[in-house]
Amino acid sequence: MRGLSADGTVMWMSGRYAGVVYAIDTRDGHLIRKIAVGTEPHGLLVWPQPGRYSLGHTGTMRRAPRPTR
């Protein structure tokens, strides 16, 4: 499953069997970030609200982890 950020620059994809969610730059296709989320994240919905997402078709809002540098 996948979704686009509000500005269309990031595609979010769930790696169902890898237990991760990928953030991919839509301009050049490079992997921005791989986020561990637990067992089988099936389904991904991205709202146009910064820092919010939902996993598993539940509609339960979650906060994205803060980036580390």
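Figure 1. Strand β1 covers residues 2-4 and strand β2 covers residues 10-15, and the two run antiparallel with three bridges joining them; two strands count as paired if DSSP finds at least two bridges between them. Five residues lie between the strands of this hairpin, and among them Gly-8 takes a positive phi near 75°.

**Figure 2. The pairing of β2 with β3.** Six bridges join β2 to β3, and these strands run antiparallel. Trp-12 stands opposite Ala-23 in β3, while Met-13 stands opposite Tyr-22 in β3. In a regular strand the side chains alternate between the two faces of the sheet. The hairpin that β2 and β3 form has four residues between the strands, and Gly-19 in the turn has a positive phi of about 70°.

**Figure 3. The pairing of β3 with β4.** Strand β3 (residues 20-25) and strand β4 (residues 31-36) run antiparallel and are joined by five bridges. Five residues separate β3 and β4 in their hairpin, where Gly-29 in the turn has a positive phi of about 80°.

**Figure 4. The sheet as a whole.** Four strands form an open sheet in the order β1-β2-β3-β4, with antiparallel pairing. Because β1 and β4 stand at the edges, each with a single partner strand, one side of each is left without a neighbour in the sheet. Neighbouring strands of this sheet are turned by 15° against each other on average, with direction ignored; the axes behind this angle are lines fitted to C-alpha atoms, and angles in general run from 0 to 180 degrees between N-to-C directions.

**Figure 5. The protein around the sheet.** The protein holds seven strands and zero helices, a helix being a DSSP run of H or I with at least four residues. Of its 69 residues, 28% count as buried, meaning under 20% relative accessible area with a 1.4 Å probe and protein chains only.

**Notes.** Residues are numbered from 1 along each chain as its sequence is written, and side-chain values use heavy atoms, with hydrogens and water left out. The model is predicted, and local features need pLDDT of at least 70, side-chain atom pairs count only at pLDDT 80 or more, and totals for chains, interfaces and linings use all residues.

Key: Buried means under 20% relative accessible area, exposed over 50%, partly exposed in between (1.4 Å probe, protein chains only).
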